[in-house]
Amino acid sequence: MPGQGLPLRVATLLTGLLECLGFAGVLFGWASLVFVFKAEHYFEELCEPNAGPMGNATGQDDCKAQDERFSLIFTLASFMNNFMTFPTGYIFDRFKTTVARLIAIFLYTCATLIIAFTSAGSAVMLFLAMPMLTVGGILFLITNLQVGNLFGKHRSTIITLYNGAFDSSSAVFLIIKLLYEQDISLRASFIFLSVCSAWHVGRTFLLMPRGQIPYPLPPNYSYGLCSRDGARGKKETAESKKLDLQSREFLSTKEAEIPGPGPLEEPRSFWSYVFSRRFAWHLVWLSVIQLWHYLFIGTLNSLLTNLAGGDRALVSSYTNAFAITQFFGVLCAPWNGLLMDRLKQKYQKEARKTGSSASAAALSSAVPSLALTSLLCLGFAICASVPVLPLQYGTFVLQVISRSFLYGGNAAFLTLAFPAEHFGKLFGVVMALSAIVSLLQFPIFTLIKGPLQNDPFYVNLTLVLVTLLTLVHPFLLRRECRESGAPPAAP
């Protein structure tokens, strides 16, 4: 890493971390925002006449239609968060960083302004605003993940750090809730988020490349403030693609992040990776764990209301506790990346001694991460299924660790398991397909509220059993790596 470019790269890293932490994944603080929306009487007309002014937050069961409306908004927004990653990934791959970020800024600004000027009478506008907010946020994340390419062997750590910051940004809605309780209006908070778009624009042109950050970095690579002109940037991008191709052909043992099928195989098409067994089981792994998280977040207000017997102060206290634990995702996620980076270096060192496949050795470093994430989700699912209110503190802790490992591990796995030139599209495809599975959260919520009469036991039991399927993915990957001659990784 050239010394003269280090300050710029550190500035890019830190501002990218702040961007993901403050803006990218705010949707997942939904439980805190729902509390404010109910205080502002959003969708209150759906409540029965005998319900209190705060709907089900006062313990009345007659506001289940209001709960379903909020659940539907979150379902739609979380679906768009994942499904739109395929077209946004394509935009990022095709039109590069600047165009993708300008689209993100436009969507994010429009969304925050819509929410700022929405009232109880126009609450239906949330169906438009929340999906726009989440698509803008995921574009911020996608364009920032490439920053890991600037830091070589720490690539996986930075990718997981950014994904952890994405998770932690859900605490933003907690801050908005706390400010609301201090008489700072919802409108003022979202106008402030809109004004922050000026900072996003400045960072786009000063601290980010016009194209993409290549991996491995070509000699004397520059971008942002150090980039003299567009032609130079295009030249460096072409050089980086050539170097990336050469690195895969000769499989330099000094490069830890060489993905793909191996050095001697013919180049494969994008769709051949999509239809591979490796990708299919990764999709199952992601979809099942993600469904648990989305269902839990989207129904948390209703769950806490039932367990707290309608005590609004108790619901508020647990909602705050949940949002606070979400903030620590940024501290949990890097441990997953650090684990992968350390294991990858260890396995590739062993591979050099034994002459086995270096790419398979790198891939084997993902096995413990995948298995650990599955086990964390299983523990979280079991705790969430027990209808004891104090136990939910433990559920919150396991949930944030599991979720921070999930998305960081997903992105890091894709960089290890598949060629870099397909990362944006594969990331988009796996998120889009998992989004279809996430749509099940709304009918599940309706089933619990309706026929099951607020008793989620059988639904939770079924989902816990399905969660066991996610352990198949690291098992098959471990076997694949062993067959390729990589050092075995204990799941």
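Tutor: Buried means under 20% relative accessible area, exposed over 50%, and partly exposed in between, with a 1.4 Å probe and protein chains only. The structure is a predicted model, in which local features need pLDDT of at least 70 and side-chain atom pairs count only at pLDDT 80 or more, while totals for chains, interfaces and linings use all residues. Residues are numbered from 1 along each chain as its sequence is written, and side-chain values use heavy atoms, with hydrogens and water left out.

Student: Is His-41 buried, exposed or partly exposed?

Tutor: Most residues other than glycine have a negative phi. His-41 has a positive phi, near 70 degrees, and its place is in the loop between helix H2 (30-39) and helix H3 (64-83); helices are DSSP runs of H or I, at least four residues, numbered from the N terminus. Its relative accessible area is 36%, so His-41 is partly exposed.

Student: Is Phe-43 buried or exposed?

Tutor: Phe-43 is found in the loop between H2 and H3, and its phi is positive, near 60 degrees. Because its relative accessibility is 2%, Phe-43 counts as buried.

Student: Which residue follows H15?

Tutor: Helix H15 covers residues 329-354. The residue after H15 has a positive phi, near 75 degrees, and is Gly-355.

Conventions:
Helices (H or I, at least four residues) and strands (E, at least two) are DSSP runs, numbered from the N terminus. The expected span of a helix is 1.5 Å times one less than its number of residues.
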